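Student: I have a two-chain model open and want to go through its packing. Can we take it step by step?

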Amino acid sequence: MRLRRDVFQAIADPTRRAILLLVASQAMTAGAIASNFDTARPTVSKHLQILTECELLEQEQNGREIYYQINAKKMKEVADFIEPFREMWDDRFNKLESIMKNYKSEK
Amino acid sequence: MERKTKIDAEDGKQELVITREFDLPLELLFKAYIEPEIVEQWMGTKVLKLENRRHGGWQFETSDTQGNVVFRAEGVIHAFYPNRKITRTFEMENASFGVQLELLEFEKLTDDTSKLSIHTIFESVALRDGLLKLPFAKGLNMAHNRLQEIVSKLG
């Protein structure tokens, strides 16, 4: 249970979400990841450490470089992973429904 | 009655299904998908083109408060059956999600309720999973915009 809560705490941070998105398309080094943010390098390192500790990210040694990549298995274990996507559509459809209810009463 | 949107995205598949039941007659639900000014309201985007016919095209565009285009999507309509089905392609500009095939089915449940199911097929499993992760980025952009607003008010 503790680990599960930590995963959601990890995802709740906007910078960490951005890191996950960035790395989702390709494995990257810490330096390459940090270059995408205005945040200080040590702060990004801290985020990477947290994401790695809760197993959302995996490290892979490639020569002298360490690459970070998404741990797809762990990501899938986070059952609510799809939730933001679902909420986005739920919001849209709620809006659609209320607009058309008004539309109907205007007719 | 609470009507919830459901997402069905099986592991390892390059497709997903969105379903939703509406407290709306079928005709009104369908209208919300074909009238540009209604689409604009609930999708929160500008409709540049929406040709509701076989071989028609569609194009949506969203700008931020400064007028910069932040989102543009377009596609072609492959099949169009009023109050029943729309088959179309969907592609986001400047995004690496490839093209998607969307099958939208509209179904009457009762005189006052209806159901929509959107079956989306992606070019690959990875692209589907990538798109599912996208709303995370949206949250970040919103936070960023909020910050910009606050900063501009300070000036």
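Student: How do helix 2 and helix 4 of chain A lie to each other?
Tutor: This is a predicted model. Helix 2 (residues 14-25) and helix 4 (residues 41-53) of chain A pack at an angle of about 70 degrees, with their axes 10 Å apart. Angles of 65 to 115 degrees count as roughly perpendicular. Helix 2 of chain A and helix 4 of chain A are therefore roughly perpendicular to each other.

Student: Which residues in helix 4 of chain A does helix 2 of chain A meet?
Tutor: By class, this contact has five nonpolar, two polar and one charged residues. Helix 2 of chain A brings Thr15(A), Arg16(A), Ile19(A) and Leu20(A). In helix 4 of chain A they meet His47(A), Leu48(A), Ile50(A) and Leu51(A).

Student: Over which residues of chain A is the pLDDT below 50?
Tutor: The mean pLDDT of chain A is 83, and 85% of its residues reach 70 or more. One stretch falls below 50, and beyond near neighbours in sequence it has one contact in the model. Where pLDDT is low, the predicted coordinates should not be read in detail. The stretch is residues 1-5 of chain A.

Student: Now chain B. What pattern does it follow along the sequence?
Tutor: Chain B has 155 residues, and 15% of them count as buried. Its secondary structure comes to four helices and eight strands. Read along the sequence, the pattern is β-β-α-α-β-β-β-β-β-β-α-α.

Student: Which element of chain B gives the most to the side that touches chain A?
Tutor: The contact takes 27 residues from chain B and 24 residues from chain A. In chain B, strand 2 (15-22), helix 1 (26-34), helix 2 (36-43), helix 3 (125-132) and helix 4 (135-154) each supply at least two residues of that side. By class, that side of chain B has 17 nonpolar, five polar and five charged residues. With six residues, the element that gives the most is helix 4 of chain B.

Student: Which element of chain A do the buried residues of helix 1 of chain B pack against?
Tutor: Those buried residues are Leu26(B), Leu28(B), Leu29(B), Phe30(B) and Ala32(B). Within chain B they pack against strand 2, helix 2, strand 7 (99-108) and strand 8 (114-121). From chain A, they pack against helix 6 (83-106).

Student: Are helix 6 of chain A and helix 2 of chain B parallel or oblique to each other?
Tutor: They pack at an angle of about 135 degrees, with their axes 8 Å apart. Helix 6 of chain A passes helix 2 of chain B in a right-handed crossing. Only angles over 145 degrees count as roughly antiparallel, and 65 to 115 as roughly perpendicular. Helix 6 of chain A and helix 2 of chain B are therefore oblique.

Student: Which residues in helix 2 of chain B take part in that contact with helix 6 of chain A?
Tutor: By class, the contact has five nonpolar, one polar and two charged residues. Helix 6 of chain A brings Arg92(A), Lys95(A), Leu96(A) and Ile99(A). From helix 2 of chain B come Ile38(B), Gln41(B), Trp42(B) and Met43(B).

Student: Is Glu123(B) buried or partly exposed?
Tutor: Glu123(B) sits in the loop between strand 8 and helix 3 of chain B. Glu123(B) touches Gly98(B) and Val99(B), not counting residues up to four places away in sequence. A buried residue needs 20 or more other C-beta atoms within 10 Å. Glu123(B) has 13, so it is partly exposed.

Terms used. Residues are numbered from 1 along each chain as its sequence is written. Chains are lettered from A and ligands numbered from 1 in the order in which they are written. This is a predicted model: local features need pLDDT of at least 70, side-chain atom pairs count only at pLDDT 80 or more; totals for chains, interfaces and linings use all residues. Two residues are in contact if their C-beta atoms, placed from the backbone, lie within 7 Å. Ala, Val, Leu, Ile, Met, Phe, Trp, Tyr, Cys and Pro count as nonpolar, Asp, Glu, Lys and Arg as charged, and the others, Gly among them, as polar. A residue is buried if 20 or more other C-beta atoms lie within 10 Å of its own, exposed if 12 or fewer, and partly exposed in between; C-beta atoms are placed from the backbone. Axes are lines fitted to C-alpha atoms, for helices over the stretch in contact, and angles run from 0 to 180 degrees between N-to-C directions. Angles under 35 degrees count as roughly parallel, over 145 as roughly antiparallel, 65 to 115 as roughly perpendicular and the rest as oblique. A crossing is left-handed if the near helix is turned anticlockwise from the far one by less than a right angle, and right-handed if clockwise. pLDDT is the predictor's confidence in each residue, from 0 to 100.
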